[in-house]
Amino acid sequence: MVKLKLDALEDDKPRKGTVEFAAPVYRDLLIYADVLAQQTGTPVPDPMKLVPQMVERFMATDREFSKAKRGQKGIGNRPASRKEPGAGA
């Protein structure tokens with residue numbers, strides 16, 4: 001059986017945003033959700049909920065991003081009241 005990089009979704013308070021995918025990428029996301037459901041035995045009711053975990057995993061495994069992040073201390077720690085990029089109006 002295939003071992004995907006993501007695990008079952010954690011229950012956490014999300015931030016809203018909008019993401020637009022090319023059709024082939026969205027189809028792959030649906031397939032990924034199906035494979036993940038088979039692997040974990042837990043259905044994925046909304047494949048879009050996988051996207052934040054995928055982005056988190058991608059950034060956590062990107063060595064160059066990790067180096068850059070260490071050099072940018074304090075920049076990612078914006079106050080919660082500030083509008084996030086991509087957030088709804």
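Lysine 67 and glutamate 64 both sit in helix α3, three residues apart, or about one turn of the helix. (Helices here are DSSP runs of H or I with at least four residues, strands are E runs of at least two, and both are numbered from the N terminus.) An α-helix has 3.6 residues a turn, so residues three or four places apart point the same way. The side chains of lysine 67 and glutamate 64 meet in a salt bridge, at 3.3 Å from N to O; the term stands for a side-chain nitrogen of Lys or Arg within 4 Å of a carboxyl oxygen of Asp or Glu. Side chains of opposite charge can pair when their charged atoms come close. The structure holds one salt bridge. Lysine 67 counts as partly exposed because its relative accessibility is 47%, while glutamate 64, at 54%, counts as exposed. For these labels, buried means under 20% relative accessible area, exposed means over 50%, and partly exposed is in between, with a 1.4 Å probe and protein chains only.

A word on where all this comes from. This is a predicted model, so local features need pLDDT of at least 70 and side-chain atom pairs count only at pLDDT 80 or more, while totals for chains, interfaces and linings use all residues. Residues are numbered from 1 along each chain as its sequence is written, and side-chain values use heavy atoms, with hydrogens and water left out. As for pLDDT, that is the predictor's confidence in each residue, from 0 to 100. The protein averages 81, and 81% of the residues score at least 70. Among its elements, α1 has the highest mean pLDDT (96) and α3 the lowest (85).

Now step back to the whole chain. The protein has three helices and zero strands, which read along the sequence as α-α-α. Of its 89 residues, 13% count as buried.

Next up is helix α2, residues 50-60. Its buried residues are Leu50, Val51 and Gln53. Seen down the axis of α2, they fall within an arc of 165°, so they line one face of the helix; the arc is that of the directions from the helix axis to the C-beta atoms. What do the buried residues of α2 pack against? They pack against α1. On the other side of α2, Pro52, Glu56 and Ala60 are exposed.

Take a look at glutamine 53 in α2, which counts as buried because its relative accessibility is 16%. Leaving aside neighbours within four places in sequence, glutamine 53 is in contact (heavy atoms within 4.5 Å) with Leu6, Asp7, Ala8, Leu9 and Glu10. The C-alpha atoms of glutamine 53 and alanine 8 are 9.7 Å apart, though 45 residues separate the two along the chain.

With neighbours within four places set aside, its contacts are Met1, Val2, Lys3, Leu4 and Leu6.

Finally, the surface. Val55, Phe58, Met59 and Phe65 make a nonpolar patch of about 360 Å². Patches are made of residues with over 30% relative accessible area and no salt bridge, joining like charges within 9 Å and nonpolar side chains (Val, Leu, Ile, Met, Phe, Trp, Tyr) within 5 Å. Accessible areas come from the Shrake-Rupley method with a 1.4 Å probe; for residues, only the protein chains shown count as cover. Helix α2 gives the largest share of the patch, three residues. Phenylalanine 65 is found in α3, residues 63-71, and counts as partly exposed at 34% relative accessibility.
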